[in-house]
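I set out here what I looked up in this structure, entry by entry. I begin with the chains and then turn to single elements and residues.

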Amino acid sequence: MTKRLICLLLALMTLFSCALADGRNGSSNYLYTPYEEIIPAPPAYTLKYSLTARDYPEIDSLDNLVDIYVDDDAVYILCAKRLLVLEMDLSLRKVLTGYKDAEGNEVALDGCSGITVTPEKEIYITQSEKSQILNFNPDYSLKRVMGRPEIIGYDNVKYRPTKMVVDAAGRLYVISKGMYEGILELNADGTFTRFFGVNEVTFTPWQLFWRMFATKEQRARQSLWLPSDFTNLCIDQDGFLFATLMADDEMTVKRLNAKGQNIIKVDAEKPYPQGDLWTNESGFGIPTGKSQFIAVDVNDFGAYVCLDSTRSRVFCYNEDHSLLFIFGGPGDREGYFRNPVDVSFVGEYIVVLDALAQSIEVFAPTQYGKVLMNAVKHQYLYEYDVAAKYWEEALTYNHNLTLAYSGVGRMLLRSGEEEEAMEYLKMGDDRKYYDKAYEKVRTATLREYFVPGICVLLGLIALRIVYKVVKKIVKNKRKDRARI
Amino acid sequence: MTQVTERVKHAAKWLYGNFWFFPTKILMRPFKSFDQLKFEKKGSYAFAFFVLILEALISIMNFVYKGFLINYEDIYQVNSLYLILTVLFPVVLFVVGNWCVTTLMNGKGKLGEIFQVTMYAMFPMCILQLVALFLSNVLILDEMTFVYALQTIGAVLLAVYGFIGLTVIHEYGLGQCIAALLLTVAAMMILVFILMLVFALVADVWDFVTVVSKELMLKYF
């Protein structure tokens, strides 16, 4: 009896400890089912620590955090008035607050808005209100100041470079606030080549209908229908540009090819990577409307994180644009943000800059998050067997992970266990591969039963013929008898 | 004993005649058979309601049992009452709307006849839908075109036989019948509008009654 009691107590204790662990760690622990319902998920990334100016005695404040850039051996964190160069473990390497210009005058950094670093360790900093881009040598001395590029026909449009990246060929891609023609593509010497990736203006028929009735004065007072502005960009592992934009539709993140077209293509039944699928449209004191991505970063196996400014959440997608996990949210608590401005991968960590809290929030993967990321990584590297093992492990943490079911199912299909594969693929809502598995199963079944089936059919036909013949004979005999 | 066998025989004959012979005869020779339906009272209400119930069941089965490959519904969220209404409501609306219009346009068809014709015309669609439902569980994605084709053929058959049947029972010409059908659509819209109005008004009245009763309760009890 006492043994049983102890067992019961222990069971209860484990139960409650699980519940506590689940509730305390992480934030925004949910996912979406294939039917776009919200289901709880275990936390994939939880706050490890948050860094403020107090953690760096060399600097007095972290005000106006704007941008983060991570390369293979350093983390660059940009405030409006200073640049922090950190080691990969986020300890301070160098603070840059000013530079010597060509005449040898000391100039303080001010109004910085974006940073990028080339593989040769050259640093580019955009200063949007000063309409210029600063280019530093790897030793932090000024190399050149790039002013406004000459763009014919745009003399009266202000040039405000907010964010930029440099591609492998040395071309500069600059977002200029208020230039609606797209991202500016500049040559390495700073001359303008073209606008890139323009966002098409879209109207609804309803808007056009109302515009028909508007008078000239009304039309003049209406806001202009302008293409949406880009807000942030990064270069992914394959050299494509990922860009976020202020858009009215769900496409607030785009992956642009060399022609400037969006190459994020998802199947008809899958949602576009757009953050929250269910959002409240009205309410008091709560954020309303759809998610609006303002920052994006890609890691070296195609998984990308997007920062939603509407609800301060971070969404992570794999290279197939399936949602992996969500964390963050608005608030003062641990793991929540007050005004997040940028997000980036640092190794396996994810770092979010909170401008209002003036802090650098560092998130580390939980065991579940690690397994998930490993599965995605090996799937990206075409190592499906290894990936499937991680998917299976992920399923022990989260039974509702559709992606994991389809991952395991695909592996089973490859190893020839079609029937089990069908079961997993069905749970994974993976119709494309279910189709392939089912085709194989059906062919095998047909092959097995085709010959006996045909035999039975032929036998039945033969029986019928025999029956008819016998009947005829019997009839004829009777007739003969009658004649006799 | 002989009486019982006699009864069973009679029932079987009735079943065969009403549920198979006449409906399939309509498929072969629609003009003549619809004429028989009207003037020789060959139509059966039992069969008409059977088709209506069958169609309602098929709409539920299409939600739940359609093959996984083309079924994008969350089958655990099935709402059978809603699915039944999606069949029942349009049928009732069409029959009533058509009756309203054709009475004004010198149509000779009665309400019951319109209902019977609609249901007899729906019978081939039901059968084809059942076949499509079965095939959707057997075929792979590349072959699903057959399923969609069957469903489309069913819808076309419904339109064709319905049109022929209505022309015959109302004793209309071709143009007249098309005009009547167009007007029926308008009538259906008006009916929906009136229904919405009625529901809104009833809700208002109900609100009023509850508020008054609440006030009385608070004042006197």
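**Entry 1. Chain B as a whole.** I counted the elements of chain B and found seven helices and zero strands. I note that the model is a predicted one. Read from the N terminus, the order in chain B is α-α-α-α-α-α-α. I then looked up the radius of gyration of chain B, which is 22 Å; the globule rule gives 17 Å for 221 residues, so chain B is more spread out than a compact globule. The C-alpha trace of chain B spans about 70 × 55 × 50 Å along its principal axes. I recorded that 26% of the 221 residues in chain B are buried. Among contacts in chain B with a separation of 6 or more, 74% join residues 24 or more positions apart.

**Entry 2. Chain A as a whole.** For chain A I noted eight helices and 27 strands. Its radius of gyration is 31 Å, well over the 23 Å that the globule rule gives for 484 residues, so chain A too is more spread out than a compact globule. The C-alpha trace of chain A spans about 135 × 80 × 50 Å along its principal axes. Buried residues come to 35% of the 484 in chain A. For contacts in chain A with a separation of 6 or more, I found that 44% are between residues 24 or more positions apart.

**Entry 3. A sheet in chain A.** I traced an open sheet of four strands in chain A, in the order β14-β15-β16-β17, with antiparallel pairing. Its edge strands are β14 (161-166) and β17 (192-196) of chain A, each of which pairs on one side only. From one strand to the next the twist averages 25 degrees.

**Entry 4. Strand β20 of chain A.** I next took strand β20 (residues 253-256) of chain A, which pairs with β19 (residues 241-245) of chain A in the antiparallel sense over four bridges. A:V253 in β20(A) stands opposite A:T244. Are the faces of β20(A) buried or exposed? Both are covered: A:V253 and A:R255 are buried on one side, A:K254 and A:L256 on the other.

**Entry 5. Helix α6 of chain A.** Helix α6 (residues 402-414) of chain A has 13 residues and should span 18 Å at 1.5 Å a residue; its end C-alpha atoms are 19 Å apart, which agrees. I found eleven of the 13 residues of α6(A) buried, including A:L403, A:Y405, A:R410 and A:L413. The buried residues of α6(A) pack against α4 (367-380), α5 (384-397), α7 (418-427) and α8 (431-483) of chain A. Just after α6(A), A:G416 has a positive phi of about 90 degrees.

**Entry 6. Helix α6 of chain B.** I applied the length check to α6 (residues 145-170) of chain B: its 26 residues should span 38 Å at 1.5 Å a residue, and the end C-alpha atoms are 37 Å apart, which agrees. Among the buried residues of α6(B) are B:V147, B:L150, B:G154, B:Y161 and B:I169. The buried residues of α6(B) pack against α1 (2-28), α2 (30-39), α4 (80-104), α5 (111-138) and α7 (174-220) of chain B. Just after α6(B), B:E171 takes a positive phi of about 55 degrees.

**Entry 7. Positive phi in two loops of chain A.** I looked up A:H321, which is not a glycine and yet has a positive phi of about 65 degrees. A:H321 lies in the loop between β23 (313-317) and β24 (323-328) of chain A. A:H321 counts as partly exposed because it has 19 C-beta neighbours inside 10 Å, where a buried residue needs 20 or more. A:Y382, also not a glycine, has a positive phi of about 65 degrees. I placed A:Y382 in the loop between α4 and α5 of chain A. With 8 other C-beta atoms within 10 Å, A:Y382 is exposed.

Conventions
Residues numbered from 1 in each chain as written. Chains lettered and ligands numbered in written order. Predicted model: local features only at pLDDT ≥ 70, side-chain atom pairs only at ≥ 80, totals over all residues. Rg over C-alpha atoms; globule rule 2.2 N^0.38 Å. Buried ≥ 20, exposed ≤ 12 C-beta atoms within 10 Å, placed from the backbone. Contact = placed C-beta atoms within 7 Å. Pairing = 2+ DSSP bridges. Axes fitted to C-alpha atoms, helices over the stretch in contact; angles between N-to-C directions. Expected span 1.5 Å × (residues − 1).
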